[in-house]
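Colleague: I would like to learn how to read a model like this one. Could you take me through it feature by feature?

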Amino acid sequence: MAQFGEGMHDPLTGLLTPAHFYESAERLLSWAERSHQPVSLISAKLEFVDDDELTRCARQISSELRGGDLLSRMGIYTFALLLLGDELGAKQLIFRLSNTVKSSIAYESTPIEIGEGIEAGLARLGI
């Protein structure tokens, strides 16, 4: 069985692994730059939860995303969401998530500037 961070999908949640997230994010950022679309990054950090609750949260967050948005499990209790949209769109998604996902989650967002790599946005969010 694959360990956390290996392969394309996390074995517990089914979300993208960090390695695949980075690869997919660079493609999305390149497309967004060429088409002049804003991109935002959201971190979702859970307090300690069991595996069932973690999986439930991952499913609920996934259900709120649109096609093309990326969701990854970046750490044991940390998710990263990369979405097409400006900071207002990110804040609206955070509002929907905070009303949908009933676990205690801390959300934070940042825009990704043109020409900026995904690593810079993740660093701003402490991921």
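Modeller: Helices (H or I, at least four residues) and strands (E, at least two) are DSSP runs, numbered from the N terminus, and the expected span of a helix is 1.5 Å times one less than its number of residues. Helix α3 (residues 87–100) has 14 residues, and its first and last C-alpha atoms are 20 Å apart, close to the 20 Å expected. Please keep in mind that this is a predicted model, where local features need pLDDT of at least 70 and side-chain atom pairs count only at pLDDT 80 or more, while totals for chains, interfaces and linings use all residues. Residues are numbered from 1 along each chain as its sequence is written, and side-chain values use heavy atoms, leaving out hydrogens and water.

Colleague: Which residues of α3 are buried?

Modeller: Buried means under 20% relative accessible area, exposed over 50%, and partly exposed in between (1.4 Å probe, protein chains only). In α3 the buried residues are Ala90, Leu93, Ile94 and Leu97. They fall within an arc of 105 degrees seen down the axis of α3, so they line one face of the helix; the arc is that of the directions from the helix axis to the C-beta atoms. Leu88 and Phe95, on the other side of α3, are exposed.

Colleague: What covers the buried residues of α3?

Modeller: Contact means heavy atoms within 4.5 Å. The cover includes β1, α2 (51–63), β3 and β4.

Colleague: And what caps the N-terminal end of α3?

Modeller: That is aspartate 86, with a side-chain oxygen 3.2 Å from the backbone nitrogen of leucine 88. A polar contact is a pair of N or O atoms within 3.5 Å; within protein, one must be able to donate a hydrogen and the other to accept it, and residues adjacent in sequence count only if both atoms are side-chain atoms.

Colleague: Which residues of α1 are buried?

Modeller: They are Pro18, His20, Phe21, Ser24, Ala25, Leu28, Leu29 and Ala32. These residues cover an arc of only 160 degrees around the axis, which puts them on the same side of α1. Their packing partners are β1 (39–46), β2 (70–75), β3 (78–84), β4 (105–112) and α4 (118–124).

Colleague: How many aromatic pairs are there?

Modeller: Rings of Phe, Tyr and Trp (its six-membered ring) pair if their centres lie within 6.5 Å; planes under 30 degrees apart count as stacked, over 60 as edge-to-face and the rest as tilted. That rule gives two aromatic pairs. Phenylalanine 21 and tyrosine 22 have ring centres 6.5 Å apart and planes at 65 degrees, so this pair is edge-to-face. Phenylalanine 48 and tyrosine 77 are also edge-to-face, at 5.7 Å centre to centre and 70 degrees between the planes. Phenylalanine 48 lies in the loop between β1 and α2 and tyrosine 77 in the loop between β2 and β3, so their pair ties together parts 29 residues apart in sequence.

Colleague: Is phenylalanine 48 buried or exposed?

Modeller: Phenylalanine 48 counts as exposed, at 70% relative accessibility, whereas tyrosine 77 is partly exposed at 25%.
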